[in-house]
Amino acid sequence: MEFFENGSKTKEGKISVLNLYGTWREMGRQYGALMADELADIYKNAVCDVLLTDETKKANGTETAEKLFANYPYRFKQILVGMSETSGLGLSELKLVNAMEVIASVLLYKHQMCSGIAAWGDYAESSLVYGRNYDYLTWFKKFADDLVVSVFHPADLSLASATVGYAGEIYAANGMNEKGIFIELNNGFPSGGALWYDSRIPAVVKLFEFLFDCESLDEIEAAFQTTRANFAYIAGVADTQTARCFEWPTFDVKRRITRSRPGLTVLTNHFTEFSWGLPRPEDSSFYMTRSRRQNLLNLAKHFKGTINEKVMMNIMDTRYENLGATTDMTLYQIVAVPEKSAIWIKLPQYQEWTYIDLGRLFSGRKE
């Protein structure tokens, strides 16, 4: 275990686990010192050597990173400021690291895909269990050593919250808070279109905020209903008892109403809430979003009544060609049981399912 100021870092195989305490800037200082090697790796080998390889790309990438940071709430900006004091990278460099995946989307016009499935009630063995694939560009796999679970304990008594992502990404595409609220985000481009607003707080930053501020699904729903997305997304949210899906284009948000399969929700990359009045996308669209969804529905039906964390891992392990949803673009996978404040993470090809006891990490709040 490594320590810096009030923060600590452990390694679970390739996965770093940070436990951070204090003001937002203090937590940033801890993050920067403890993750300096991983941040340097992302900056050199992803940002500089892959994304910003000529002057035009440098200009466009820097502009994207600056716009992303400009719309951050002040408290989250302070995390990156703190990181700049201890990591060996300057703030401008950390902005680029933070925006790595957004820059890849803008410069390469390649979007994250992802799949999610939540089972409870008649579908689950007992507790709600959530499975999630994070799918993106395959070259990200070489940064498996830079994946981090970051647990934040803010001194202002916001809810302790954990995120899963690559080093330096100060936002939440995946996370859980101390009240057992789990959240994950999928791309909604096939249904919601490609419109992008630089003038809005990014959705991934709003989800980060939701984790710190919301202790129930109703509060989360109110937050969604009050927030305009900067791009089209599909968000899955769960507590210990049930899950909800929010289809979230730039102009509206709707909670998906599930009538035929109570106790199950499946998210890929197209909207299925009937009130949109949208046709289903072509199955070739966005790497088989329709068939990935149908495969997960079929697997859930097959295992109905028995789904626990082990069964969910088997579901997530099932590749697309074997009638599952996992592909060569699956960078990492998560299985979450909010009732236990527990997650398991897998890095396909690199590391098998690894247990992370978030409950133990959440319980260590320092006043």
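The protein chain carries 39 positive and 45 negative side chains. The centres of the two sets lie 4 Å apart. Lys and Arg count as positive here, and Asp and Glu as negative, while His and the chain ends are left out. Each charge is placed at NZ of Lys, CZ of Arg, CG of Asp or CD of Glu. The model is predicted; local features need pLDDT of at least 70, side-chain atom pairs count only at pLDDT 80 or more, and totals for chains, interfaces and linings use all residues. Residues are numbered from 1 along each chain as its sequence is written, and side-chain values use heavy atoms, with hydrogens and water left out.

The secondary structure of the protein chain comprises 12 helices and 16 strands. Both are DSSP runs numbered from the N terminus, with helices (H or I) of at least four residues and strands (E) of at least two. The radius of gyration is 19 Å, close to the 21 Å from the globule rule for 367 residues, so the protein chain is as compact as a globular protein of that length. The radius is taken over C-alpha atoms, and the rule is 2.2 Å times the number of residues to the power 0.38. Along the principal axes, the C-alpha atoms fill a box of roughly 55 × 45 × 40 Å.

Buried residues make up 61% of the 367 in the protein chain. Buried means under 20% relative accessible area, exposed means over 50%, and partly exposed lies in between (1.4 Å probe, protein chains only). The accessible surface comes to about 14,000 Å², and 49% of it belongs to carbon and sulfur atoms. Areas follow the Shrake-Rupley method with a 1.4 Å probe; for residues, only the protein chains shown count as cover. Among contacts with a separation of 6 or more, 67% join residues 24 or more positions apart. A contact requires heavy atoms within 4.5 Å.

An open sheet of 10 strands runs in the order S1-S2-S3-S6-S7-S8-S9-S10-S11-S12, with mixed pairing. Strands S1 (2-4) and S12 (254-255) stand at the edges with a single partner strand each, so one side of each is left without a neighbour in the sheet. Two strands are taken to pair if DSSP finds at least two bridges between them.

Strand S6 (residues 147-154) is largely enclosed by the rest of the structure, because eight of its eight residues are buried. In a regular strand the side chains alternate between the two faces of the sheet. In S6, Leu147, Val149, Val151 and His153 point one way. Val148, Ser150, Phe152 and Pro154 point the other way. Strand S3 (residues 15-22) pairs with S6 in the parallel sense over seven bridges. Gly22 stands opposite Pro154 there. Strand S7 (residues 161-166) pairs with S6 in the antiparallel sense over six bridges. Here Ser150 stands opposite Thr163. Six residues separate the strands of this hairpin, and Leu157 takes a positive phi near 70° in it. S7 also pairs with strand S8 (residues 174-177), antiparallel over three bridges. Met176 in S8 is the bridge partner of Ala162.

Leu20 belongs to strand S3. At 0% relative accessibility, Leu20 is buried. Beyond four places in sequence, Leu20 touches Val151, Phe152 and His153, as well as Met27, Gln30, Tyr31 and Leu34. Leu20 and Lys310 are 290 residues apart in sequence, and their C-alpha atoms are 30 Å apart.

Several loop residues were also examined. Ser341 lies between strands S14 (330-337) and S15 (342-347). Ser341 is buried, at 12% relative accessibility. Setting aside neighbours within four places in sequence, Ser341 contacts Met176, Ile356, Asp357, Leu358, Gly359 and Phe362. Gln349 is not a glycine, yet has a positive phi of about 80°. Gln349 is exposed, with a relative accessible area of 66%. Glu5, in the loop between S1 and strand S2 (7-12), has a positive phi near 50°. Glu5 is partly exposed at 45%.

Lys304 sits in the loop between helices H10 (289-302) and H11 (309-317). Lys304 is partly exposed, with a relative accessible area of 44%. Outside four places in sequence, Lys304 contacts Asp122 and Tyr123.
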